[in-house]
Amino acid sequence: MIRVDHKLNSIDVVDALTDLFILRGLPEFIRPDNGPEFIAQKVRDWIGAVGAKTAYIEPGSPWENGCCESFNARFRDKLLNGALFYTLREAQIIIERWRNHYNTKRPHSALGYRPPAPEAIIPMDQRPIMH
C-alpha cells in the first residue's frame, strides 16, 4: 500500500494499517522506519491494542529492513525522480499504477524473474460455477 497526500501523520498511518490488516490479516510484527509518523505514541498504542508487536529499525541501520529500502530506492529512481505531478489526484493515480505494476508485472531477479504477486487470470470457461 502506498498512501499519497500532501502530508501524512500518525492518524493516517493508523488508517492505512487498519485497511491493510482488514485486507491481509494481523501480522505478528510490524517493522516501521523511525519516521515521526511511525514512532508516534498513538501509532504504538494502536499497534499494541490490536495485538501486533513492533520491531523498530535501529537508527542508521537501513539493512534491517532491506526489502523496504530496496523498494524505496527503486520507487525514487524509476518514478519519482522523473515525474512531475500537477495535482495530488494525478500523483495518487500514477503512483498506484506504478505500485501495481511493480508488484504484479515487473520481473524480480531474486524471484527467478517472476513478479512477486502476479495477477491471476482464470479463463471464463475454467471458473467455478457460483450458485
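Guide: In this predicted model, the residues of helix 1 that meet helix 3 are Ser10, Ile11, Val13, Val14, Leu17, Thr18 and Phe21, and their partners in helix 3 are Lys42, Val43, Trp46, Ile47 and Val50. Sorted by class, this contact holds 9 nonpolar, 2 polar and 1 charged residues. Two packed helices are described by the angle between their axes and by the distance between those axes. Here helix 1, residues 10-24, packs against helix 3, residues 41-50, at an angle of about 25°, and the axes are 9 Å apart. Because angles under 35 degrees count as roughly parallel, helix 1 and helix 3 are roughly parallel to each other, and helix 1 passes helix 3 in a right-handed crossing.

Ser10, which has its place in helix 1, is buried, with a relative accessible area of 13%. Beyond its neighbours within four places in sequence, Ser10 is in contact with Glu37, Ala40, Lys42 and Val43. Val43, with such neighbours likewise left aside, is in contact with Ser10, Val13, Val14, Glu37 and Phe38.

In soluble globular proteins, nonpolar side chains tend to be buried together. The largest nonpolar core in this model has 9 residues, namely Val13, Val14, Leu17, Phe21, Ile30, Val43, Trp46, Ile47 and Ala52. Helix 1 and helix 3 each supply at least two residues of this core, and its largest share, 4 residues, comes from helix 1. Apart from this core lies another, of 8 residues, including Phe71, Leu79, Ala91 and Ile95.

Conventions: Residues numbered from 1 in each chain as written. Predicted model: local features only at pLDDT ≥ 70, side-chain atom pairs only at ≥ 80, totals over all residues. Heavy atoms only, no water. Axes fitted to C-alpha atoms, helices over the stretch in contact; angles between N-to-C directions. Parallel < 35°, antiparallel > 145°, perpendicular 65-115°, else oblique. Left-handed = near helix turned anticlockwise from the far one by under 90°. Contact = heavy atoms within 4.5 Å. Nonpolar A, V, L, I, M, F, W, Y, C, P; charged D, E, K, R; others polar. Buried < 20%, exposed > 50% of the residue type's maximum accessible area, 1.4 Å probe, protein only. Core = buried A, V, L, I, M, F, W, Y, C linked by side-chain atoms within 4.5 Å.
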